[in-house]
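Come along and check each entry against the picture.

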Amino acid sequence: MSEKKRILSGVQPTGNLHLGRYLGAIRNWVDLQNDYQCFYSVVNYHAITMPYKPKKLREQSWDLVYRLLACGIKEENLFIQSLVPEHTELAWILNCNTSYGELGRMTQFKDKSKQVRETDKDMFISAGLFTYPVLQAADILIYKPSLVPVGKDQEQHLELTRNIAQRFNNVVGKKYFELPEPLFTRIPKVMSTADPNRKMSASLGEKHNIDLFTDENRIVKQIKSAVTDSGEVKSDAMSPGIANLFNILWEINPEEHGQFLEDYKKGNLQYGVFKEGIAESLIDYLKPIRERFEEIQADKKQIRRRIKDSSAEIRKVAAQTLSEVKELSGLL
């Protein structure tokens, strides 16, 4: 039997775990565990490239661990980035195989730099924000994955990773790193219920995202207050608000989606009833995740110990790669 292909992906411990984040990435991570050897990381080193508070970062990192486990990520596949220091050592080696010009062209650096300036004009822009794509490359390459689950907005970072890997191979005169391929799976684009022209995001504020673990009454309130039509819709096309609600319903309850879609096509769709149906379906859909989260909350000490253990096991893979890279680089 052939060995399973490896997959690597990570998520920052910033913002909440909202519906868009779950449907767009985490649910896919859960499914991939059936067919691949998966390495999933809470990338807390990346979280410090922007202004942060140490105590809050620690709390957010562990809280994200609990929530990922509640969603179905297996403990043995999950680790905390800072518990595997080989990532940062490999990042330095790869930094020396990356050009200044490549990093300067990264769109996220430009976007986040602008965000820092708009938040506080006196706040400095860290060098880490400029070089973090190299750390991201190290996160990937240190596990030698064949595939990396990405959305179209992340293609640039993976392409940089491939360029860095190829340059390292050329320098050491050996095809050491496999060039990881993107794994494009179907990723639902969930929009804000408050502004359906913008992607659902924690950074936009509470009304723009639906927290998976928030109070059920709040979920109902957010769905009921979701923007639908902005004025009269004269064409046959759905308004962005209605389309977004239908997209959400399709992901959580396809059967009910079909029933409401028939009403819409006949011109009989009652928005109040429609929203009530979505809210009920969403609460039912999230029920197992929320129940699992409550169980985890009662066992946090043991969960932390086991994630530290899984991080130590995963670190062995990283340590082996780093040892080989150092030897190839003339550093051992």
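Here are my entries, sorted by topic.

**Ground rules**

I am working with a predicted model, where local features need pLDDT of at least 70, side-chain atom pairs count only at pLDDT 80 or more, and totals for chains, interfaces and linings use all residues. Residues are numbered from 1 along each chain as its sequence is written, and side-chain values use heavy atoms, with hydrogens and water left out.

**Entry: helix α3**

I began with helix α3, residues 54-71. Helices are DSSP runs of H or I with at least four residues, strands are runs of E with at least two, and both are numbered from the N terminus. Helix α3 has 18 residues and spans 26 Å from its first C-alpha to its last, close to the expected 26 Å. The expected span is 1.5 Å times one less than the number of residues.

I then looked up burial, where buried means under 20% relative accessible area, exposed means over 50%, and partly exposed is in between (1.4 Å probe, protein chains only). The buried residues of α3 include Leu57, Ser61, Trp62, Leu64 and Val65. Just after α3, I found glycine 72 with a positive phi of about 120 degrees.

**Entry: salt bridges**

How many salt bridges does a search of the whole structure find? It finds 14, counting a side-chain nitrogen of Lys or Arg within 4 Å of a carboxyl oxygen of Asp or Glu.

I picked out arginine 27 and glutamate 251, whose closest N and O atoms are 2.5 Å apart. Arginine 27 is buried at 16%, and glutamate 251 is buried at 11%.

Next I checked arginine 315 and glutamate 86, which form a salt bridge at 2.9 Å, N to O. Arginine 315 lies in helix α13 and glutamate 86 in helix α4, so the pair ties together parts that are 229 residues apart in sequence. Is glutamate 86 buried or exposed? I noted it as buried, with a relative accessible area of 10%, while arginine 315 is partly exposed at 35%.

**Entry: serine 239**

I found serine 239 in the loop between α9 and α10. Serine 239 is buried, at 8% relative accessible area. What does its side chain reach at 3.0 Å? It reaches the backbone oxygen of threonine 228.

**Entry: aromatic pairs**

Rings of Phe, Tyr and Trp (its six-membered ring) pair if their centres lie within 6.5 Å; planes under 30 degrees apart count as stacked, over 60 as edge-to-face and the rest as tilted. By this rule I count twelve aromatic pairs. Tyrosine 100 and phenylalanine 130 form a tilted one, 5.2 Å centre to centre with 45 degrees between the planes. Tyrosine 100 is in helix α5 and phenylalanine 130 in helix α7, 30 residues apart. Tyrosine 100 is exposed at 67%, whereas phenylalanine 130 is buried at 13%.

Why is the pair of phenylalanine 246 and tyrosine 264 edge-to-face? The ring centres are 5.9 Å apart and the planes are at 75 degrees, so the pair counts as edge-to-face. Phenylalanine 246 is buried at 2%, and tyrosine 264 is partly exposed at 24%.

How values were computed. A polar contact is a pair of N or O atoms within 3.5 Å; within protein, one must be able to donate a hydrogen and the other to accept it, and residues adjacent in sequence count only if both atoms are side-chain atoms.
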